[in-house]
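Keep the viewer open and follow along.

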Amino acid sequence: MGEKLHFDLVAPEKRLFQGEVDMVVAPGSEGDFTVLPDHAPFMSAIRSGAIEIHKDGAVEKTFIHGGFAEVTPEGLTILAEEAIRLNDIDQAWLDQELKNTKEDVQDAKDDSARNIAQQKLAKLEAMKSALANA
Amino acid sequence: MASLKDLKNRIGSVKSTQKITKAMQMVAAAKLRRAQEAAEASRPYAERMSAVMANLSASMDSPDAPRLLVGTGQQESYLLVVATADRGLCGGFNTNIARMARERIAQLLRDGKEVKILCVGKKGADQLKRLYGKLIMKVIELRSAKNIDGTIAGDIGTQIRTLFEQGEFDVCQIISSQFISVIAQKPRVQTLIPAREAIDSSVARPDLKGALYEYEPDEESILATLLPRYVDTVILSALLENVAGEMGAKMAAMDNATRNAGELIDKLNLEYNRQRQAKITTELTEIISGAEAV
């Protein structure tokens, strides 16, 4: 494979990845999709999950939560609301957060607090399943 | 003429002031580095976001496009978000932003527009209160939050969007300070709503070579989620640049203050020594003339 795909992964706080890659698999809102070099212009919302960055035979996985993917002739850009490398997630921390958030959902005093806690719970569960599949 | 004791006290108090300004300068320098990194780290996201928005908005031409993007079709009432620091002692930083806000408000009022003000940061509100107190809808203080992050920007963004949906204003602009370098900050006005006005001029669109975008799920729902994010992103980067600018300005101001205090101390010391010498000379003369008289 001679041609490479230019890939940018940015979160509000920082740029997580920038460079030439072979292939990226991302969790679109309508299903996972794969982007290869010379992909047609395309834009998709992202659901919580892991993206796979294939580069020189190695695969790097990053968990992203919310955001958008955009493919232009120049390459692929993923704007994530949150992103964390799967390797950086600590299983113990995740379990603890899951437990806390579950309690938050139960203890929530009003609907808006419950909503926020539930969204967080959904995010953490997505993180957990991404970690389990890794 | 101040007495010797007065001078000594004065020197002491200037010295302790100098210690304070020196400490403030060092704190600002440390905070500046962090703030600068945060501001720079947020830039790629904001840039890519603008590029994505530019692509999307160019292909959205239907009359039922989201109002956040195309506006209400009127330009009668303005919401000005004036973002300043919560603290003073940073040179002309807050004043420059407030001055720009005042000029903008005066101009809009002259044109017969309705103006509402949302102050982010206490100092801006303090300076605008006297002239335009009635126009200020709300003051959001940043002091309670330790770090400027997406949550705060999201909060402010949500408030602005709620006001927009209630039909409180047609156009929303944010006035904040652009961080050019450690010693240079420039106030600027950015348009938040309608988003299209902010986008079209600033970003170059990639050449699609005649191809058309495909959207998943569809254009409208992507735009509906992307637009609020876009507003939040602009607010966040404005706030982050503000913090960096505030720290830069504070560092420069405190550096100046420390240097001025140093000069003042030198001058007072000279005066003190001169008076001490004069006193000794007088005493000597008295002793000598006393001895001669005997």
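In chain B, the centres of domain 1 and domain 2 sit 49 Å apart, taken over C-alpha atoms. Keep in mind that this is a predicted model. The domain assignment of chain B gives domain 1 as 4-20 + 254-288, and domain 2 as 29-203 + 212-253.

**Domains of chain B**

- The contact between these two domains takes four residues from domain 1 of chain B and four residues from domain 2 of chain B.
- Sorted by class, the side of domain 1 of chain B that touches domain 2 of chain B has two nonpolar, one polar and one charged residues.

**Domains of chain A**

- Chain A is split as well, into domain 1 (5-87) and domain 2 (90-133).
- Here the centres of the two domains of chain A, again over C-alpha atoms, are separated by 24 Å.
- Domain 1 of chain A brings six residues to the contact, and domain 2 of chain A brings five residues.
- On the domain 1 side of that contact in chain A, strand S6 (49-55) and strand S7 (58-72) each supply at least two residues.
- That side of domain 1 of chain A has three nonpolar, three polar and no charged residues.

**Helices of chain A**

- Helix H2 of chain A (residues 111-133) has 23 residues and reaches 33 Å from its first C-alpha to its last, close to the 33 Å expected at 1.5 Å a residue.
- The buried residues of H2(A) are Leu124(A), Met127(A) and Ala130(A).
- What do those buried residues of H2(A) pack against? They pack against S6, S7 and helix H1 (91-107) of chain A.
- H1(A), with 17 residues, reaches 24 Å from its first C-alpha to its last, which is close to the 24 Å expected at 1.5 Å a residue.
- H1(A) is hardly covered, with a count of one buried residue among its 17 residues.

**Where the chains meet**

- In the contact between the chains, 24 residues of chain B are in contact with 23 residues of chain A.
- Helix H1 (4-59), strand S6 (214-216) and helix H7 (219-293) of chain B each supply at least two residues of the side that touches chain A.
- Which element gives the most to that side of chain B? H1(B) does, with seven residues.
- By class, the side of chain B that touches chain A has 15 nonpolar, four polar and five charged residues.

- Five strands of chain B form an open sheet in the order S3-S2-S1-S4-S5, and the pairing is mixed.
- The edge strands are strand S3 (136-140) and strand S5 (184-193) of chain B, and each pairs on one side only.
- Ignoring direction, neighbouring strands of this sheet are turned by 20° against each other on average.
- Strand S1 (residues 77-83) and strand S2 (residues 114-120) of chain B pair in the parallel sense over seven bridges.
- Val82(B) has Cys119(B) as its bridge partner in S2(B).
- Helix H4 of chain B (residues 122-132) packs on the sheet, where it touches S1, S2 and S3 of chain B, and its direction makes about 160° with that of S3(B).
- H7(B) packs on the sheet as well, touching S1, strand S4 (171-181) and S5 of chain B, and its direction makes about 40° with that of S4(B).

**A closer look at S4 of chain B**

- Why is S4(B) described as largely enclosed by the rest of the structure? Eight of the 11 residues of S4(B) are buried, so the strand is largely enclosed.
- S1(B) and S4(B) pair in the parallel sense over five bridges, and the bridge partner of Tyr78(B) in S4(B) is Val171(B).
- S4(B) and S5(B), in turn, pair in the antiparallel sense over nine bridges.
- A hairpin through two residues joins S4(B) to S5(B), and Ser181(B) has Ala184(B) as its bridge partner in S5(B).

Technical notes: Residues numbered from 1 in each chain as written. Chains lettered and ligands numbered in written order. Predicted model: local features only at pLDDT ≥ 70, side-chain atom pairs only at ≥ 80, totals over all residues. Contact = placed C-beta atoms within 7 Å. Helix = DSSP H or I, 4+ residues; strand = E, 2+ residues; numbered from the N terminus. Nonpolar A, V, L, I, M, F, W, Y, C, P; charged D, E, K, R; others polar. Domains from an automatic or database assignment. Pairing = 2+ DSSP bridges. Axes fitted to C-alpha atoms, helices over the stretch in contact; angles between N-to-C directions. Buried ≥ 20, exposed ≤ 12 C-beta atoms within 10 Å, placed from the backbone. Expected span 1.5 Å × (residues − 1).
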